[in-house]
Amino acid sequence: MIKGDFKDISTLMQDYFLGLHEADSQVLRGVFHPKMAYVCATEGDPLYLDLEQYMDRIDARVAPAKRGDVRREEIYSIAFVNPRLAHVTCRMALMGRDYVDHLTLVPHDGAWRVVTKVFAYQPKEA
């Protein structure tokens, strides 16, 4: 891993958080790999989507920013397995829930992209 990779992934994560907060599918398309997998691991809510299904959901939602939701997010870790595989664990509050996301990243067209998003949620803590 080189310092540039860490910086690139940190920047990508800011786009990830911004795209989710603003429900901006164009920003998020720059974050995700075209063949990404979206998996909900919350008990009782199994959900498996591809990129287009996920972007349709993003486009259909009222943006948390428009609802007046305050952004709250944190990157717990960025880990590199090798020069072609990284993992990010993060937490965010969104739409009345607290999410923990496990993101797997690979290079695509010269940049890091999220190829899997596996997450779980619970009602937002007070």
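Guide: Buried means under 20% relative accessible area, exposed means over 50%, and partly exposed means in between. The model shown here is a predicted one.

Visitor: What makes the pair of Arg29 and Glu52 a salt bridge?

Guide: The side chains of Arg29 and Glu52 meet at 2.8 Å, N to O, and the cut-off for a nitrogen of Arg and a carboxyl oxygen of Glu is within 4 Å, so this pair is a salt bridge. Glu52, at a relative accessible area of 40%, is partly exposed.

Visitor: Which parts does the pair of Arg29 and Glu52 tie together?

Guide: Arg29 lies in helix 2 (residues 25-29) and Glu52 lies in helix 3, so the pair ties together parts that are 23 residues apart in sequence. Helix 3 (residues 51-60) in turn packs on the sheet, where it touches strand 1 (32-40), strand 2 and strand 6 (111-123), and the direction of helix 3 makes about 100 degrees with that of strand 2.

Visitor: How many salt bridges does a search of the whole structure find?

Guide: The search finds 6 salt bridges. Among them is the pair of Arg67 and Asp69, whose side chains meet at 3.3 Å, N to O, and Arg67 counts as partly exposed at 45% relative accessibility. Another is the pair of Asp98 and Arg91, at 3.3 Å, N to O.

Visitor: Why is Asp98 called buried?

Guide: Asp98 has a relative accessible area of 3%, and the limit for that word is under 20%, so Asp98 is buried. Arg72, Arg91 and Asp98 are linked in a network of salt bridges.

Visitor: What is the nearest side chain of opposite charge to Asp5, and how far away is it?

Guide: That side chain is Arg84, which is 10.0 Å away, whereas a salt bridge requires a distance within 4 Å, so Asp5, although buried, has no salt bridge. Asp5 is found in helix 1, and, leaving aside neighbours within four places in sequence, Asp5 is in contact with Phe80 and Trp112.

Visitor: How does the reach of helix 1 stand against what is expected at 1.5 Å a residue?

Guide: Helix 1 (residues 3-21) has 19 residues and reaches 27 Å from its first C-alpha to its last, which is close to the expected 27 Å. The buried residues of helix 1 include Ile9, Leu12, Met13 and Tyr16. Following the helix is Ala23, whose phi is positive, near 50 degrees.

Visitor: What makes Phe17 buried?

Guide: The relative accessible area of Phe17 is 1%, and buried means under 20%, so Phe17 is placed in that class. Phe17 belongs to helix 1, and its contacts, leaving aside neighbours within four places in sequence, are Arg71, Glu73, Glu74, Ile75, Cys90, Arg91 and Met92.

Visitor: How do you know whether Ala63 is buried or exposed?

Guide: Ala63 has 6% relative accessibility, which is under 20%, so Ala63 counts as buried. This residue is in the loop between helix 3 and helix 4 (64-67), and Ala63 touches His21, Glu22 and Ala23, not counting residues up to four places away in sequence.

Visitor: In what sense do strand 4 and strand 5 pair, and over how many bridges?

Guide: Strand 4 (residues 85-94) and strand 5 (residues 97-108) pair in the antiparallel sense over 9 bridges, and the requirement for pairing is at least two bridges, so the two strands count as paired. By contrast, strand 1 and strand 6 run parallel and are joined by 5 bridges. In all, 6 strands form an open sheet in the order 2-1-6-5-4-3, with mixed pairing.

Visitor: What makes strand 2 and strand 3 the edge strands?

Guide: Strand 2 (47-50) and strand 3 (72-82) each pair on one side only.

Conventions: Residues numbered from 1 in each chain as written. Predicted model: local features only at pLDDT ≥ 70, side-chain atom pairs only at ≥ 80, totals over all residues. Heavy atoms only, no water. Helix = DSSP H or I, 4+ residues; strand = E, 2+ residues; numbered from the N terminus. Contact = heavy atoms within 4.5 Å. Axes fitted to C-alpha atoms, helices over the stretch in contact; angles between N-to-C directions. Expected span 1.5 Å × (residues − 1). Buried < 20%, exposed > 50% of the residue type's maximum accessible area, 1.4 Å probe, protein only. Lys, Arg positive; Asp, Glu negative; His and termini not counted.
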